[in-house]
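Student: Can you walk me through this one? I would like the local geometry, piece by piece.

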Amino acid sequence: GDKVFFLTGTDEHGTKLFNMAKKEGIEPIEVADRHADRYKVLTGALDISNDDFIRTTEERHKRGAQKLWLELKAKGDIYKAKYAGLYCSGCEAYVLEKDLIDGKCPNHKIAPEYLEEENYFFRLSKYSDKIRELIESDELLILPSARKNEMLNIIGEGLTDVSFSRPKKSLPWGIDVPDDPNHVMYVWCDALSNYITALDYEGAIGEERGNRGALFRQFWPADVHLIGKDILRFHAGIWIGMLLSARLKIPRAIYVHGFITSEGQKMSKTLGNVVDPFDVISKYGVDAVRYYLIREIPTTLDGDFSRARFETLYNTELANNFGNLVNRAFSMTEKYFALKIPAGNVSVECKKAIAYAKKTWSENIEKFDLKAAIEAALALSDFGNRYVEEKKPWKLAKENTESLKNVIVDLLEIVKNLGEMLKIFMPKTADKILSAFQTDGMIKIPSVLFPKLRP
Ligand SMILES: [Zn+2]
C-alpha cells in the first residue's frame, strides 16, 4: 500500500487552558501536560496507530509556527490595529453580538468577555475569494457536502481579517510573536500550523536545510484533515488563508465528523452522563468499542452512545455473527479434518459474495464512509452463517465427504477475507483470525473472539 503518515496531538495554548490553570493555582504547562498524557494513554488504549503526536508547546512546533508567522509577515499579510469586541474563551475567537443568545455564546453557554486591545491582524479578507473558489470547485474538498455548504455560507459576503495575536499582559500563555516580545500568537494561528510543524516545515524551508524537512517534502499537502464539526471554519477559512499567503499547498480534503451524545443527551458533567472511554474499553475490550463507534455512529453525523444499544450490537453482531462464523469454521475444520485446511477450490457462489463485499468495502473506505465499509464485512459474515445453515455440513459429514470438504474450504476463505477486511477496524480481532491460518496448512484455533454478554 501507500506510505501514510497519521498525525494527532494536543492544542495547548489559549485563554481556556490559561484560566483553568489559574483556577487550580498551577502553571499552565502542568494542565497541558496532564491533558497530553491523558490523550496519549487514550490513543494507546484505543489501538490508534498514529505515527506522531504533536503538542503545540513543543519547541519544534514553536519554531515552525514562528517561521510561518514570518512568512505571512513577509507577504505583507500581517498588520497591527486596534480591536474591540467580545471574545468567547470556549470558541477561542471573537464572537458577534448578533450571534449571542441571552448574552451568551450559543455553543458554550458562557458570556463572552469584552476586549479592547491593539493586536496583530491577518489579512484573511485578501484570500476570501480564492478560498471560496477552492471550496466551490472541490479543489479543497469538504466532506460531507452539507459542511461544504455551511462553509460557503460562513464565507458569505467575504471573510474578514482576523485578530492574530494577544497582548502578553492580558494573556501570557502562548507562542511569542517573532520580533515583538509584548505579544503572543492567537491560539488558532499557532494551533493550525501543527499540521506542518510536525513534518518539520521549518527545516524544509530553512536556510541550511541539510537533511531536514524530508517529511514535509514527502507528506505535504495532507490528503485529509479529519476534524470535528465545531472547528470547520478555522480549518477551511483561516488555515487555508495562511497556506495561500505562505505560498504553500493546501490539503486535499477536510473531512468533518459529528459529536457523540450519551443516552440521547449531550455529555455533561452536570448530567453525570459522561462516558469514560477507559471504562468501556476495560469492560468490553477495545475492538468492541471501535466496532460500536464505527458501526453505530454515522461517520459524518452526530451519534449516540447507549449502553443497551452497545450490548445489543455486541451480542447480535460481534458474538452471534462474526464470532459465531469464525468459531464454526474453525471448529468444523477441527472436527472433520483434524485442523488441517482441506485442499480444494472456492465455489463460484462464495467467490462472488467475497468479491462483492470487498468491492463495497473499499469503495466506501475511499469515500470515508467507514460505517458502510464495516457493514460490508458484516454482510459477508451474515452470508457465511447462512451458507452454513443451507449446506448443513453436519449432514454432509455422514453422506458426502467431497461436498463437506468444499463447504469447509468456502467457509475458511470467507473467514480469511473477513480478517483482511476487519484489520483497519478491529486490529486485534483481525490478527486473531488471520494468525489462525498457519503456514503449514493447519488451523490454530484462537480464543473466543467475543464472549457473549450475559444480562
Ligand atoms: Zn463559544
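**Zinc site and other local features**

Tutor: Along the chain, the donors of the zinc ion follow the spacing C-x2-C-x13-C-x2-H; donors are N, O and S atoms within 2.8 Å of the metal (3.2 Å for Na, K and Ca), and water is not among the atoms, so sites may look incomplete. This is a predicted model, in which local features need pLDDT of at least 70, side-chain atom pairs count only at pLDDT 80 or more, and totals for chains, interfaces and linings use all residues. Residues are numbered from 1 along each chain as its sequence is written, and side-chain values use heavy atoms, with hydrogens and water left out.

Student: Which atoms coordinate the zinc ion?

Tutor: SG of Cys 88, Cys 91 and Cys 105, plus ND1 of His 108, at 2.1 to 2.4 Å.

Student: And what is the geometry of the site?

Tutor: The site is tetrahedral, with angles of 102 to 116 degrees among the four donor atoms. Four donors count as tetrahedral if all angles lie between 85 and 135 degrees. The ideal angle for four tetrahedral donors is 109.5 degrees.

Student: Where do Cys 88 and Cys 105 sit?

Tutor: Cys 88 is in strand 3 (residues 78–88), and Cys 105 is in the loop between strand 4 (93–95) and strand 5 (113–122), 17 residues apart. Strands (E, at least two residues) and helices (H or I, at least four) are DSSP runs, numbered from the N terminus.

Student: Are those two cysteines buried or exposed?

Tutor: Cys 88 and Cys 105 are both buried. Buried means under 20% relative accessible area, exposed over 50%, and partly exposed in between (1.4 Å probe, protein chains only).

Student: New topic. Which peptide bonds are cis?

Tutor: Leu 143 to Pro 144 is cis, with omega near -5 degrees, and so is the bond joining Trp 220 and Pro 221, with omega about 5 degrees. Pro 144 lies in the loop between strand 6 (141–143) and helix 5 (145–155). Pro 221 is in the loop between helix 9 (214–219) and strand 11 (224–228).

Student: What about phi of Asp 179 and Arg 247?

Tutor: Phi is positive in Asp 179, near 70 degrees, and in Arg 247, near 60 degrees. Most residues other than glycine have a negative phi, and most peptide bonds are trans.

Student: Why does Arg 247 count as exposed?

Tutor: Because its relative accessibility is 57%. Asp 179 is exposed as well, with a relative accessible area of 64%.

Technical notes. Four donors count as tetrahedral if all angles lie between 85 and 135 degrees; four count as square planar and six as octahedral if opposite donors are over 155 degrees apart and all others between 65 and 115; anything else is irregular.
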